[in-house]
Amino acid sequence: MKFAKRLQQIKPSPTMAMAAKAKAMLAKGIPITDFGLGEPDFNTPDVAAEAGIRAIQQGFTKYTPPSGTEELKEAVCRKLKIENNLDYDKKEIIVSCGAKHTLYNIAQVLFERGDEVIVPAPYWVSYPDQVLLNDATPVIVETREEDQFLMTPEQLKRAITPRTKAVILNYPSNPTGSAYTGKHLEALADVLLDAPVWIISDEIYEKFIYDGVAHTSIASLNPELKRKTIVVNGVSKAYAMTGWRIGYAAGPKEMIDAMGMVQSQSTSNPTSISQKAAAAALLGGAPFIKTMVDEFDKRRLLIVERLNQIPGIRCSRPMGSFYVFPNVKGLMGTGYKAHQINHSTDLATFLLEEGGISTIPGEAFGIDGYLRLSYAVSRDVLNEGLQKLKNAILKLS
Ligand SMILES: *Cc1c(COP(=O)(O)O)cnc(C)c1O
């Protein structure tokens, strides 16, 4: 039996591989503190959960239009207008089975052999693989810690060639927590305005932004830019609804129609029940977000402070998302028993096996010398895990 060649191009999500290893250890009775999580630890707010229950009880359990219900599209339009200063018509919105599915639809519509897609690193693990699955070539632009892991306008300009089809921006970022804002966003926009390139703007962490900074969508900077941007968002992170699988995109009607065609021949509509819940979340979930993000902010300050007290680790304070991305280069060249630490993968393996702490190595996101830690865990777990982390690191010499 032979599988299609495209399968050889991709790998299972490395974040999930690490999670599987941690789970196997837990099953053996070894206590693991999990800093690898990529989802909020909060429950879905009642306002959304109750709408989902009502949908089932009232028999809203049949096919909906393949690209989503009018009700949810309306809620998305309202949200984009009020929160992002973006005017879209319902015909310019598509709802999919999670933002990851939204991004995959975009890849199916846009990418083909010979196309280049600019992906700044550190990147979310699925971007390069979705590009590869659609026969195109990811062009990785490595950003620098001293630039807060933000792609500079010069780097972007250099990466654009006649083959460039799109650039994928994710702000606030998974894994670094950095975000394009203000002048920086405008400078990137200036470069993109002149280039015949699609902008895929993944704004799934927009609500997780701290220190009084406001999220701005690149599409809102000017109408010409809006015509070449696909805004991607969803309810997974902002409303702790990862399992409900609802994401959406806003963009030019031809683009949205094309995505709708792909979706109508693949998944059809996202779950009817989840669409009801998502609409309710968008309309009434603001108080929930405030409570959750206030708590994440406290954890962020706590984890940054504690990490910086550990020798060999340097952690800057990220502006957004719920991850920190500390520099661990100071620990390279150390070792303990059979563990020789030369890359962040070695360190993550050591921390898991010797310390009982699950983290994700930077290599998973295209860069060595860093770890990703999620603070989507209670402050008690954070405190305990950070103590374990420190104890483990102190064993290295
Ligand atoms: C979690 C995540 C997504 C996808 O979320 P869905 O659960 O599929 O809606 C997309 N982009 C980034 C950067 C993410 O971290």
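Modeller: Helices (H or I, at least four residues) and strands (E, at least two) are DSSP runs, numbered from the N terminus. This is a predicted model, where local features need pLDDT of at least 70 and side-chain atom pairs 80 or more, while totals for chains, interfaces and linings use all residues. Residues are numbered from 1 along each chain as its sequence is written, and side-chain values use heavy atoms, without hydrogens or water.

Biologist: How do the rings of phenylalanine 296 and phenylalanine 322 pair: stacked or tilted?

Modeller: Rings of Phe, Tyr and Trp (its six-membered ring) pair if their centres lie within 6.5 Å; planes under 30 degrees apart count as stacked, over 60 as edge-to-face and the rest as tilted. That rule gives 17 aromatic pairs. For phenylalanine 296 and phenylalanine 322, the centres are 5.4 Å apart and the planes at 25°, making the pair stacked.

Biologist: Which parts of the chain does that pair of phenylalanine 296 and phenylalanine 322 link?

Modeller: The two residues are 26 apart in the chain. Both are buried, with 0% relative accessibility for phenylalanine 296 and 0% for phenylalanine 322.

Biologist: Which charged residue sits over the ring of phenylalanine 296?

Modeller: A charge sits over a ring if NZ of Lys or CZ of Arg is within 6 Å of the ring centre and within 35 degrees of the ring normal. Lysine 226 does this for tyrosine 88, at 4.3 Å from the ring centre. Over phenylalanine 296, at 4.8 Å from the ring centre, sits the charged end of arginine 299.

Biologist: Let's look at strand S8. Which residue stands opposite glycine 247 in S8?

Modeller: Two strands pair if DSSP finds at least two bridges between them. Strand S2 (residues 93–96) runs antiparallel to S8 over four bridges, with isoleucine 94 opposite alanine 249. Strand S7 (residues 229–234) is also joined to S8 by four bridges, again antiparallel. There, opposite glycine 247, stands glycine 234.

Note on methods: Buried means under 20% relative accessible area, exposed over 50%, partly exposed in between (1.4 Å probe, protein chains only).
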